[in-house]
Amino acid sequence: MAVSPSLIAALRGARGRCPACGKGRLFAGYLKQTGACAACGAATGEIEAEDGPPWLTVLLLGPLLAALTFIAARHETWPLWIRLAGLGTFAVAAVLMLLPRIKGGLIGVLWGMRERS
Ligand SMILES: [Zn+2]
């Protein structure tokens, strides 16, 4: 079974690598894209994911955080401040961890779609 080039590009992007070659870095900072790949010269900076990454991050984490909030609300043996601090810390950490991966993956998908057309 052949793996789709778009899937390969998305996985490379999710790892923070160039969707074209998988070697160069996709980001110069936390979310700031490089203009072009240092390894192959692909113009990955031309691809803009716009509001897609935050939207997809909220879409993925929202149901999980809602479920965790309900679970934490039922465990009244723990003090409220511990539950709130734990949920808040988890939410911030999960967003900070997922956002660049989702942005990279989305850029990879867009790169794969552009290469196909
Ligand atoms: Zn490259």
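These questions and answers go through a predicted model of one protein.

Q: How do you know how confident the predictor is in this model?
A: The mean pLDDT of the protein is 93, on a scale from 0 to 100. A value of 70 or more is reached by 99% of its residues. By element, confidence is lowest in H1, at a mean of 92, and highest in H2, at 95.

Q: What makes up the protein, in terms of helices and strands?
A: There are 3 helices and 0 strands. Along the sequence, this reads as the pattern α-α-α.

Q: Why is the protein called more spread out than a compact globule?
A: For 117 residues the globule rule gives 13 Å, but the radius of gyration is 18 Å. That is well over the rule's value, so the protein counts as more spread out than a compact globule. The C-alpha atoms fill a box of roughly 55 × 35 × 25 Å along the principal axes. Of the 117 residues, 22% count as buried.

Q: How do you know that the span of helix H3 agrees with its number of residues?
A: Helix H3 covers residues 80-116, which is 37 residues, and at 1.5 Å a residue it should span 54 Å. Its end C-alpha atoms are 52 Å apart, and therefore the two values agree.

Q: Where does H3 bend, and which proline follows?
A: H3 bends by about 30° at Leu-98. The proline Pro-100 follows within four residues.

Q: What is the span of H2, and where does H2 bend?
A: H2 has 23 residues and reaches 34 Å from its first C-alpha to its last. H2 bends by about 35° at Leu-61, and the proline Pro-63 follows within four residues.

Q: Why is Pro-53 called buried?
A: A residue is buried if 20 or more other C-beta atoms lie within 10 Å of its own. Pro-53 has 20 other C-beta atoms within 10 Å, so Pro-53 is buried. This residue lies in helix H2. Leaving out residues up to four places away in sequence, Pro-53 touches Leu-99, Ile-102, Lys-103 and Leu-106. Phe-90 is 37 residues from Pro-53 along the chain, and their C-alpha atoms are separated by 19 Å.

Q: What makes the phi of Glu-50 worth a remark?
A: The phi of Glu-50 is positive, about 55°, although Glu-50 is not a glycine. Another positive phi, near 80°, belongs to Gly-16, which follows H1.

Q: Why does Ile-107 count as buried?
A: The cut-off is 20 or more C-beta atoms within 10 Å. Ile-107 has 27 C-beta neighbours inside 10 Å, so Ile-107 counts as buried. Ile-107 lies in helix H3.

Q: Which residues of H1 and H3 are buried, and what covers them?
A: In H1 the buried residues are Ala-9, Ala-10, Arg-12, Gly-13 and Ala-14, and their cover includes H3. In H3 the buried residues include Ile-102, Gly-105, Leu-106, Ile-107 and Trp-111. The cover of the buried residues of H3 includes helix H1 (5-14) and helix H2 (52-74).

Q: What makes up the largest nonpolar core?
A: This core has 14 residues, and those with the most contacts inside it are Leu-106, Ile-107, Val-109, Leu-110 and Trp-111. H1 and H3 each supply at least two residues of this core. H3 gives the most, with 6 residues. In soluble globular proteins, nonpolar side chains tend to be buried together.

Q: Which residues does Trp-111 touch?
A: Not counting residues up to four places away in sequence, Trp-111 touches Ala-9, Gly-13, Pro-19, Ala-20, Thr-44 and Ile-47.

Technical notes:
Residues numbered from 1 in each chain as written. Expected span 1.5 Å × (residues − 1). Bend = angle between axes of the 7 residues up to and from the residue. Buried ≥ 20, exposed ≤ 12 C-beta atoms within 10 Å, placed from the backbone. Contact = placed C-beta atoms within 7 Å. Core = buried A, V, L, I, M, F, W, Y, C linked by C-beta atoms within 7 Å. Rg over C-alpha atoms; globule rule 2.2 N^0.38 Å.
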